[in-house]
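Please take the sequence and the model together, and follow the chains one after the other before turning to what they share.

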Amino acid sequence: MARFSSLLLLLAALMAAPVALHAAPLEGTLRQAQAEKRLTTGEAEGIRASIDQARERNLPTAPLTSKVEEGLAKRVRPETIIQALDAIREDYAFARDALRRGGAEPTPEDIVRTGDSLRLGLTRAELAEMAELNPPPPMLATAARTRAALNAIDFSAVLSGDILRRGLSLGSLTPGWEQLFRVAQRTRDAGMPDDAVAVAATRVLADGGGPAEVLQELGLTVRDTRRGPAEATK
Amino acid sequence: MEPRADFASRVMERIGSAAPLPLPKRRSERILDWFVRPRIIRVSPLGGLAAAACLLLSMGLFLRHGIDARSLAPEGLSPVTFVLAAPSAREVAVIGSFNGWNAAGWTMTHDPSRGLWTLSSALPPGSHEYVFLVDGTTPMADAAAALSVDDGFGGRNSVLLVKDDHGSIL
């Protein structure tokens, strides 16, 4: 009887094991890297300590774990991985402070979107400037992402500042505006200047529209490619 | 006391006249017997609790995988195709934030006539960072990507923005 109970308990433990492993992917990654002699015990400890610092400050840690996996996959030196973790952690801390200016507590998703925008091309000064308008955290995260993408394609910083100030002050900056850089790219392909995008975007923001309306405003064709021509005309 | 001289022959005669022993059952029959013969299973409270724990965990895992299956349903994902021109590469995989930077299962298919490596998949809406891993060691950003980002290691990751309903008409 005791053997039967032990067997069942062992079965329960085995079935719980995958759940436990799922909860600690970092440990598995670090242990595997150590087994493959790609990390020393001290280096693994350094990585753990860096992520622990983020956890102690209540910052999101999942992207840091992903960064460790990325670094190991790319065979990056451990000290460079730790430097990258420290930089991301500080970006997230700065992003959270900016997001909190409006008085509401940001979600981890807002912090990650905003913090990652700093790596994409947004400057801290630009983020701080937009935060002074005290928008709700999700809207500031959208603004950060939108402006970072515009910076990444060398869209005029002055023009993007104008567009985003307009959207934030009107409260009409919906998540779809993150695609504005695609509008700018299509406009450039059509031989039109960035100023035209800025003028059209500020007008559309006042009307509560999105990037698709900006394209229409600029006279560029928009078609919903999810539908066939017959459906589109319905 | 000495046995009689014909003792051995009488014993052998008795053995020869006895009914033959049944042949041993085949393995499959023995297994079948084991399953069909009624048995009494006595379970202690501890054993019962352990069995209940197993049942609950099974249900939990089943539900979790059920949810995962739904989240992976095609309607929640958008089709994407990665393409890289690398005629001299021996092997190319896509690694990124969507697969834990793990190349397993993400190896690209080579078309020697065009020198292109391709991989089609489906990803959830959002922003995904990725690179091509050439010959298992060399990360390479996607030159065709609209955006790229500093990877913090001195290189760059390509950024794939998978559209949702907000951006689908662009």
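What percentage of the 234 residues in chain A is made up of buried residues? In this predicted model, buried residues account for 41% of the 234 residues in chain A. The secondary structure of this chain consists of 13 helices and zero strands, and reading along the sequence accordingly gives the pattern α-α-α-α-α-α-α-α-α-α-α-α-α. If one takes the contacts in chain A between residues at least 6 apart in sequence, 65% of them join residues that are at least 24 apart.

Three of its strands form an open sheet in the order 1-4-3, with antiparallel pairing. Strand 1 (78-85) and strand 3 (109-111) of chain B each have a single partner strand and stand at the edges, so one side of each is left without a neighbour in the sheet. Neighbouring strands of this sheet are turned against each other by 30° on average, direction ignored. Strand 3 of chain B is joined by three bridges to strand 4 (residues 116-123) of chain B, and the two run antiparallel; here His110(B) stands opposite Trp117(B), which lies in strand 4 of chain B.

Terms used:
Residues are numbered from 1 along each chain as its sequence is written. Chains are lettered from A and ligands numbered from 1 in the order in which they are written. This is a predicted model: local features need pLDDT of at least 70, side-chain atom pairs count only at pLDDT 80 or more; totals for chains, interfaces and linings use all residues. Two strands pair if DSSP finds at least two bridges between them. Helices (H or I, at least four residues) and strands (E, at least two) are DSSP runs, numbered from the N terminus. Axes are lines fitted to C-alpha atoms, for helices over the stretch in contact, and angles run from 0 to 180 degrees between N-to-C directions. A residue is buried if 20 or more other C-beta atoms lie within 10 Å of its own, exposed if 12 or fewer, and partly exposed in between; C-beta atoms are placed from the backbone. Two residues are in contact if their C-beta atoms, placed from the backbone, lie within 7 Å.
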